[in-house]
Amino acid sequence: MKTDFTTASFKDFENIPNLNIYERAKAHEGYLNYLSENEFMNYRLLATSGCGPEIGLAEDGYIKKGNYISFVCNDYLGFTQHPEVKKAVIAGIEKYGTGAGASPLIGGYFDYHQELEDKISVFFKRAKGSSIVYTTGYTSNSASLLCLLKKEDIAIVDMAVHASVYEGITGTTVKRFLHNNIEALERILASSKDTYRTKMVIIDGVYSQDGDIAKLKEILDITHKYDGVLLVDDAHGIGVIGETGRGAMEYFDVLDKVDIITGTFSKTFGNVGGYLVANNPELISYLQFQSRQYAFSAAVTPAIAGVTKAIELIDEEPQWQKQLWENITYYKKGLLDIGLEIGDTKSAIIPVKIGDVYKNSLAGKMLLENGIYTNPIMYPAVSLKDSRIRMSLMATHTKEHLDKALNVFENVSKKLQIA
């Protein structure tokens with residue numbers, strides 16, 4: 001069992017040999033106590049205001065009560081606070097109440113669900129009836145993949161895909177390829193050509209830790225060359241990438257060619273829930289009856305009406321995407337001018353790569369002490385030597401917000417010698 005907490009991570013407490021559930025929980029509590037005692041506990045901080053470029057935090061031990069500049073929300077266009085989105089949510093609740101009351105198959109399927117399904121299908125240039133809506137973005141991957149891929153099939157995944165994908169492929173054969181490595185992907189596809197019923201390549205459009213974009217055009221061509229099916233999870237690209245916010249698929253002009261699209265309503269669309277859109281409507285019908293988490297979970301609540309409005313606003317108010325990109329460009333330049341390493345990000349996700357776990361924790365602490373709320377990320381979310389401060393930019397961040405954060409980063413960089 002890990003006792004040097006300065007080099008520990010949450011992964012070390014996942015499954016400690018010879019310890020039962022209570023003993024594992026006790027060991028884990030020791031690590032949490034270490035984080036709290038050293039003021040590294042940037043997790044589960046209690047917010048007292050809504051998601052936005054500034055957020056209120058409650059007093060809790062070393063956490064001071066007050067407003068902080070927030071880079072922890074993936075609300076890229078600020079739609080959680082958009083008055084029209086709020087109005088749609090309120091109207092949905094006033095008309096239908098607070099819950100669906102049943103699973104979609106046995107009484108919990110309402111016209112507001114169908115309206116949303118039609119909206120998200122058409123948004124991705126598919127026919128109505130080409131989508132299924134889940135209660136979370138996580139299950140749009142995990143539940144769908146558990147249903148679609150069995151032991152006779154194979155999932156070929158980019159190593160950097162989301163945890164929800166890895167959970168979804170536990171029931172099938174799995175091969176991983178190095179991140180964005182086209183040669184490695186083709187080798188796996190070639191060797192798998194006549195062995196499996198379904199060969200599904202699974203990638204992100206925009207990757208959640210580095211903010212970089214998939215080599216989507218090349219991956220699509222190679223996947224189809226070997227009769228594979230391509231699934232793209234573009235949770236972080238929709239609303240951000242592409243001329244009209246249709247994500248990495250629009251950016252590479254392959255929106256109509258990708259076989260399956262998954263994503264979440266919890267980022268650009270300012271709500272909660274997830275979706276899968278397919279070129280084959282029969283696949284949607286299959287999931288509606290065979291995906292257990294869909295068939296046996298209560299349907300999404302009437303508050304999801306806010307998503308229907310948010311989808312419309314992406315086209316009706318393109319100024320939010322434009323403003324977001326002005327912020328991204330400005331902030332990236334500022335970080336690079338300080339000398340910080342931000343990798344190959346081409347999205348609203350901006351990592352400051354520090355590497356050393358202890359320095360990374362110190363940086364998160366110092367930023368918070370100076371009013372900047374960020375996400376210190378370490379193993380297993382990233383590799384052991386790739387710890388970073390991860391930030392999400394919003395259209396509603398002001399230049400004053402960004403300048404203050406840059407000033408604090410410059411001081412932190414000098415003190416910790418990370419530039």
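Trainee: What follows helix 3, and what is its phi like?
Mentor: Lys-125 follows helix 3. Its phi is positive, near 65°. Keep in mind that this is a predicted model.

Trainee: How do you know what span to expect for helix 3?
Mentor: The rule is 1.5 Å times one less than the number of residues. Helix 3 (residues 111-123) has 13 residues, and 18 Å is expected. From first C-alpha to last, helix 3 reaches 18 Å, close to that value.

Trainee: Which residues of helix 3 are buried?
Mentor: Among them are Tyr-112, His-113, Leu-116, Ile-120 and Phe-123. They are called buried because each has under 20% relative accessible area. Their cover includes helix 2 (83-96), strand 3 (131-134) and helix 11 (305-316).

Trainee: Why is Leu-105 called partly exposed?
Mentor: Its relative accessibility is 36%. Buried needs under 20% and exposed needs over 50%, so Leu-105 falls in between. Leu-105 sits in the loop between helix 2 and helix 3.

Trainee: What makes the nonpolar surface patch with Leu-105?
Mentor: Leu-105, Ile-106 and Phe-289 make it, and it covers about 340 Å². A patch residue needs over 30% relative accessible area. Leu-105, at 36%, passes that cut-off.

Trainee: Which residues touch the most other members of the largest nonpolar core?
Mentor: Phe-269 and Tyr-331 do, in a core of 117 residues. Helix 14 (residues 399-416) gives the largest share, seven residues.

Trainee: Why is the pair Glu-186 and Lys-225 called a salt bridge?
Mentor: Their closest N and O atoms are 2.9 Å apart. The limit is 4 Å, so the pair qualifies. Glu-186 lies in helix 6 and Lys-225 in helix 7, so the bridge ties together parts that are 39 residues apart in sequence.

Trainee: Are these two partners buried, partly exposed or exposed?
Mentor: Glu-186 is partly exposed, at 23%. Lys-225 has 54%, which is over 50%, so Lys-225 counts as exposed.

Trainee: What separates Lys-217 from Asp-221 in helix 7?
Mentor: They are four residues apart, which means about one helical turn. An α-helix has 3.6 residues a turn, so residues three or four places apart point the same way. The side chains of Lys-217 and Asp-221 meet at 2.8 Å, N to O. That is within 4 Å, so this pair is a salt bridge too.

Trainee: How many salt bridges does the rule give?
Mentor: The count is 19. Lys-119, Lys-309, Glu-312 and Glu-316 are linked in a network of them.

Notes: Residues are numbered from 1 along each chain as its sequence is written. This is a predicted model: local features need pLDDT of at least 70, side-chain atom pairs count only at pLDDT 80 or more; totals for chains, interfaces and linings use all residues. Side-chain values use heavy atoms; hydrogens and water are left out. Helices (H or I, at least four residues) and strands (E, at least two) are DSSP runs, numbered from the N terminus. Buried means under 20% relative accessible area, exposed over 50%, partly exposed in between (1.4 Å probe, protein chains only). Contact means heavy atoms within 4.5 Å. Patches are made of residues with over 30% relative accessible area and no salt bridge: like charges are joined within 9 Å, nonpolar side chains (Val, Leu, Ile, Met, Phe, Trp, Tyr) within 5 Å. Accessible areas come from the Shrake-Rupley method with a 1.4 Å probe; for residues, only the protein chains shown count as cover. A nonpolar core is a set of buried Ala, Val, Leu, Ile, Met, Phe, Trp, Tyr and Cys residues joined through side-chain atoms within 4.5 Å.
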